[in-house]
Amino acid sequence: MVSVRFARSVGLSLDSASSHPPLLAVLPLLPAAAGLLAALLASLLTALTAAATLRPAALAKLGRIVWRQKPGLLVLGLAVAGLVEARAWLHVPGTPPAVQADLRSAHWPTFRGDLTRRGHGDGRPGPVRGGVTFSGGRDFQFYSSAAVADDALIAIGVRGDSSRFFSWQAESGRLLWTLAPDAYRATFSSPVLANGYLVAGEGLHNTSGARLVAFRTGDDGVLRPAFEFATRSHIECTPTIEGDRVYFAAGDDGVYCLSLTADDAHRVVWHAPGERYRDAETGLAVCDECVYVGLGRGGEALAVLDATSGAELARLPMPLPVFSPPAISGGRIYLGMGDADYVNPAEHSPGELRCLDLATWETVWTLATPSPLLGAVVADDSGIVFATTAGQLYVVDHGGQVLHRWQADSGVLAAPAVTPRTIYCVSCDGLLTALDRRLEPIFSTRLGAAGAYFSSPVVFGGQVFVGTPHDGFVCVGVPAAERHAGAPPQSRTAGDEPDE
C-alpha cells in the first residue's frame, strides 16, 4: 500500500543508484588504490623536485606526468569518494552478524502486541503530560510500529532503499544495538517477538522478491540471523508468531505459514496462492486454529483459513477493501474497511466498521463512517476505538453505538494506542494528542513536521513511543509516578552509538 510514487513524495529514494554502497563494495578498490598512490607519489615527487627550480622545462615535465597518470588519478579519486561515502554510511553502527540481545522472554507476537490491537505494552498508565523526552535515529524514517522487548523498544528505520533494526532502552533512551540483514530494503512491516525470535517482513508496495527475515537469541543471549525466506511479492504485512510457526501475507503472493524451527527444505508448512487471495496486505489475526486474512482491492473479503493446513474455511464478502488489521475481543472480530490506501487516503469516500461473531462468522452489526479506516481497530472490554483517514476518532460501545467522537486537525493513518484511561492519537499534522475515554483532550505534543505518520504509538513504562517520517523515533511524556510537580520533561537525543 506504500508505493514508489508516494515514497518519493516524502523524500524516500527507491532508486538503487542513490543508495549508500556497502563497505564491501569499496574494499576491493583499496589495494589498487594503494599501488597507484605509491606510483603517483614517486612520479610527482621527482617532477616537483625539478619544478622547485622554476625552470620552464621542469614545469612542462610535471604537466606531462600528470597527464599520463590521469587514469590512475581517476581511479584514486573514485576510491577516495567511495571511502567518504562509506564513512558517512558507517556513521550508523555497522551491520554485525550478531548482537548481545537476549529476547527469549520478550513477547510481542502480532501487530500492536495482541489481538485487541491496543499497543499497550504493560499495565502501567500512560503519561498525562506531554513533551518529547528523547529521540533517536533522526537520520531515518519510521513507517512501522515498535515492538516491546522486556525493558526496550525495537523499531525499523528506513533510509533510502534500505532498512535496519534499532533497539532503545525505554527508560533512558539509550541505544542498545542496531543491525540489519544483508541488503534489507525499505520496509513497512513492523517487527514481532516470541520464543526468542525477532521477525519482520521486507518491502514497500512495488517491491518484488521481498523476504521474511528472522533472528533468534541463542542460549548465550546473543541475537543471530536464523533464516530468510523470499516471496514473489512484497511483505508490508506484520507477521504473527503462533507457537513454532509464523503467519504472514505477501501481497499478490498470497498467504504463508512457515516453521520457525524446521530447516529450509521443510520451512513452508503451507502456502495459500495469490491467485485466490488477492491484495493480501494487512496484518493477520490468528485465533482458535483459524487465520483471518483481510483482502484489499480485487479481494474485498475476510478469508478464514485453517491454521494447520491452510485450507479455506470461509470467505466472507465485504463491501469495501479490508486494509485494517482485524481485532479480536470478547468472542467477536472487528474489521475496518474503505477504498483507500496510504498513497490516497480518500478522506471523502465512505468507510465501515463491522462486527462479526467469532463462532458463527455472522455479522452482528455495522457502522458506516464518512471516511475509510486504514489503521487497526482497537477492541477491549471498555469498547471499540478507531480513527478514520479524515481524522475522526471514535469510541463505540459493544452494540455499535457511537459514544464519543473527536475531530483531529489533520488526517489519521495510524492506529491509536489505548490504555484503560487514556487514548493516544497521532495525526498527520505531526501532533500526538492524549485524550481521556470521553475523548476530552488532555495534552498535545509536536512530534515533528507535518507528513504521513504511519507508525502507530506504543504505550510502555508510562511513556509513549512512536516513529515519525522526518524526525526519527520519539518518546513522549514521563511516567506519572516519577513526575515532579510542575516540572516539564527534559528533552534529550538518544546516543548515536550502542553500548558495547
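This note sets out numbered points on the predicted model shown above.

1. Overall make-up. The protein chain contains 33 strands and 5 helices. Of its 500 residues, 58% count as buried. Among contacts in the chain with a separation of 6 or more, 55% are between residues 24 or more positions apart.

2. An open sheet. Five strands are arranged in the order β1-β10-β9-β8-β7, and their pairing is antiparallel. Because β1 (99-100) and β7 (192-194) each have a single partner strand, they stand at the edges, and one side of each is left without a neighbour in the sheet.

3. The loop between β7 and β8. N195 is found in this loop. Its phi is positive, at about 55 degrees, although N195 is not a glycine. N195 has a relative accessibility of 48% and so counts as partly exposed, since the exposed class begins over 50%.

4. A second residue with positive phi. D288 is also a residue other than glycine with a positive phi, in this case near 50 degrees. D288 belongs to the loop between β15 (285-287) and β16 (290-295). Is D288 buried or exposed? With a relative accessible area of 64%, D288 is exposed.

5. Strand β28 and its side chains. All 5 of the 5 residues of strand β28 (residues 422-426) are buried. In general, the side chains of a regular strand alternate between the two faces of the sheet. In β28, T422, Y424 and V426 point one way, while I423 and C425 point the other way. The residues of both groups are buried.

6. The partners of β28. Strand β27 (residues 417-418) pairs with β28 over 2 bridges in the antiparallel sense, and A417 stands opposite Y424. These two strands form a hairpin with 3 residues between them. β28 also runs antiparallel to strand β29 (residues 431-436), to which 5 bridges join it. Which residue of β29 is the bridge partner of T422? The partner is D436. The hairpin of β28 and β29 has 4 residues between the strands, and G430 in its turn has a positive phi of about 85 degrees.

7. Another hairpin. Strands β25 (residues 392-396) and β26 (residues 402-407) run antiparallel and are joined by 5 bridges. Q392 has Q407 of β26 as its bridge partner. There are 5 residues between the strands of this hairpin, and G400 takes a positive phi near 90 degrees.

8. A buried serine. S259 is part of strand β13 (residues 255-259). S259 has a relative accessible area of 9% and is therefore buried, the cut-off for this class being under 20%. The side chain of S259 reaches the backbone nitrogen of A262 at 3.0 Å. Beyond its neighbours within four places in sequence, S259 is in contact with F227, D244, H266, R267 and V269.

9. A buried glycine. G472 lies in the loop between β32 (463-467) and β33 (473-476), and its relative accessible area is 0%, so G472 is buried. How far apart are G472 and R138 in sequence and in space? They are 334 residues apart in sequence and 3.9 Å apart in space, C-alpha to C-alpha. Not counting residues up to four places away in sequence, G472 touches G136, G137, R138, F140, F142, V466 and G467.

10. The largest cavity. The structure has 2 cavities of 30 Å³ or more. The largest cavity has a volume of about 230 Å³. Its lining has 25 residues, and F111, F188, T238, P325 and Y342 lie nearest the centre. By class, this lining comprises 14 nonpolar, 9 polar and 2 charged residues.

11. The second largest cavity. This cavity holds about 40 Å³ of space. Its lining residues include W108, R112, S145 and P191, together with F111 and T238. The lining divides into 5 nonpolar, 4 polar and 1 charged. F111 and T238 are also among the residues nearest the centre of the largest cavity.

Methods
Residues numbered from 1 in each chain as written. Predicted model: local features only at pLDDT ≥ 70, side-chain atom pairs only at ≥ 80, totals over all residues. Heavy atoms only, no water. Pairing = 2+ DSSP bridges. 1 Å grid on protein atoms, 1.4 Å probe; cavity = no way out; pocket = protein on both sides within 12 Å on 5 of 7 lines; lining within 4 Å. Points joined across faces, edges and corners; volume = space filled by probe spheres on them. Nonpolar A, V, L, I, M, F, W, Y, C, P; charged D, E, K, R; others polar. Buried < 20%, exposed > 50% of the residue type's maximum accessible area, 1.4 Å probe, protein only. Polar contact = N/O pair within 3.5 Å; in protein donor to acceptor, adjacent residues only side chain to side chain. Contact = heavy atoms within 4.5 Å.
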